[in-house]
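The sequence and structure come next.

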Amino acid sequence: MRLNYRKSGFGLKALLLVHGFPFDGRMWEAQIQGLSDEFTVIVPDMRGMGKSPASGTEVTTMAELADDAAELLDALGIETCTYCGLSMGGYVGWEFWKRHKNRLERLILCDSGAHCDSPEGAAKRLQTAEKMETEGNCAFLVEGMKKNLMTPRTLADGESPVFTVFQKMVSENNPQGVASVARGMAQRLDFTEKLAEIQVPSLVLTGEFDVLSPPEKMKALAERIPGARFAVIPEAAHLSPMENPEKVNDEIRAFMNK
Ligand code: MLT
């Protein structure tokens, strides 16, 4: 598998940042800028998204994406990392933990969840996947998604760079690749009962106004992971690393230096 990625910094500790759906590595720009002074920051576009080619299969599973991430580390000669995933990146994170434990130093979950889709949720995803393929683009997702992903403040700002990047990532994305990943998300496993087995230091972050991964749910998730730190990111919704990068970067830096 060929993946488009960026690597920045020369720190001894590696930080792998895995984006959400249907985004790409551009969502981590502020983390690359803010954290590569101290860490080696690796930011892939996951298979079928951003500039990484789709595999051409109907379904791309979270396990395949986790294996891609491990292969990328191999290709870069990096043995272990702190894995940080946002939302879909978190779903991939559980698989990375399960399949590549020896590569994982620490785990960071941003605005994500350990549950699988309900039957209705999965059916809706499959319909959306089909629509992407028939329409031949993902731009129609922007309107439906935006209010769930950003704060009213970001949305009210007609010149918000966060909104502009969000819109670009979604509408420029490859419909076949994104549809395949959507089908993979619909099949993902429920990791809730596995959280107690996680033995690496873990950090769980979520935006104060995240309606998809609300603070009370993320707090309950963090409480299931032994010793996990939980923090709420103020003035942010689902895209917390974009909406409040200073606070997210401070949390990540402090956690990685503990
Ligand atoms: C994401 O941001 O990755 C999505 O909200 C994940 C999902 O659709 O479950």
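Across the whole structure, 4 aromatic pairs are found, where rings of Phe, Tyr and Trp (its six-membered ring) pair if their centres lie within 6.5 Å, and planes under 30 degrees apart count as stacked, over 60 as edge-to-face and the rest as tilted. Trp-94 and Phe-191 form a stacked pair, with 6.4 Å from centre to centre and 25° between the planes. Trp-94 belongs to helix H3 and Phe-191 to the loop between helix H8 (175-186) and strand E6 (202-207), so this pair ties together parts that are 97 residues apart in sequence. Helices (H or I, at least four residues) and strands (E, at least two) are DSSP runs, numbered from the N terminus.

The model is predicted: local features need pLDDT of at least 70 and side-chain atom pairs count only at pLDDT 80 or more, while totals for chains, interfaces and linings use all residues. Residues are numbered from 1 along each chain as its sequence is written, and side-chain values use heavy atoms, with hydrogens and water left out.

Trp-94 is buried, with a relative accessible area of 2%, and Phe-191 is buried at 4%. Buried means under 20% relative accessible area, exposed over 50%, and partly exposed in between (1.4 Å probe, protein chains only). Elsewhere, ring pairs link Phe-23, Phe-163 and Phe-166 into a cluster.

Charged groups also sit over rings, which requires NZ of Lys or CZ of Arg within 6 Å of the ring centre and within 35 degrees of the ring normal. The charged end of Arg-188 lies over the ring of Tyr-91, 3.8 Å from its centre. Lys-131 is placed over the face of Phe-140, at 4.4 Å from the ring centre.

On a 1 Å grid over the protein atoms alone, a cavity is a set of points where a 1.4 Å probe fits but cannot get out, and a pocket is an open set with protein on both sides within 12 Å along at least five of seven lines; lining residues have an atom within 4 Å of a point. Grid points are joined across faces, edges and corners, and a volume is the space filled by probe spheres set on the points. The count is 1 cavity of 30 Å³ or more. Among the residues lining the largest cavity are Tyr-91, Trp-94, Arg-188 and Phe-191. Helix H3 (residues 88-99) contributes the most to this lining, with 3 residues.

The table gives volumes and lining classes; Ala, Val, Leu, Ile, Met, Phe, Trp, Tyr, Cys and Pro count as nonpolar, Asp, Glu, Lys and Arg as charged, and the others, Gly among them, as polar.

| Space | Volume | Lining by class |
|---|---|---|
| Largest cavity | About 50 Å³ | 6 nonpolar, 2 polar, 2 charged residues |
| Largest pocket | About 820 Å³ | 13 nonpolar, 11 polar, 4 charged residues |
| Second largest pocket | About 220 Å³ | 3 nonpolar, 4 polar, 6 charged residues |

Of the 28 residues lining the largest pocket, Lys-124, Arg-125, Met-145, Asn-148 and Leu-212 are the closest to its centre. H3, helix H4 (119-135), helix H5 (141-149) and H8 each supply at least two residues of that lining. The second largest pocket has 13 lining residues, with Asn-4, Asp-24, Arg-26, Asp-45 and Lys-51 nearest its centre. Strand E1 (5-8) and helix H7 (161-172) are the elements that give two or more residues to this second lining.

Strand E2 (residues 14-18) has 5 of its 5 residues buried, so the strand is largely enclosed by the rest of the structure. In a regular strand the side chains alternate between the two faces of the sheet. In E2 both faces are covered, with Ala-14, Leu-16 and Val-18 buried on one side and Leu-15 and Leu-17 buried on the other. E2 runs parallel to strand E3 (residues 40-44) and is joined to E3 by 3 bridges, where pairing requires that DSSP finds at least two bridges between two strands. Ala-14 stands opposite Thr-40 in E3.

Some backbone features remain. Most residues other than glycine have a negative phi, and most peptide bonds are trans. Phe-21 and Pro-22 are joined by a cis peptide bond, with omega about -5°; Pro-22 lies in the loop between E2 and helix H1 (29-35). Asp-111, not a glycine, has a positive phi of about 45°, and is buried at 0% relative accessibility. Glu-235 also has a positive phi, near 55°, but Glu-235 is partly exposed, with a relative accessible area of 47%.
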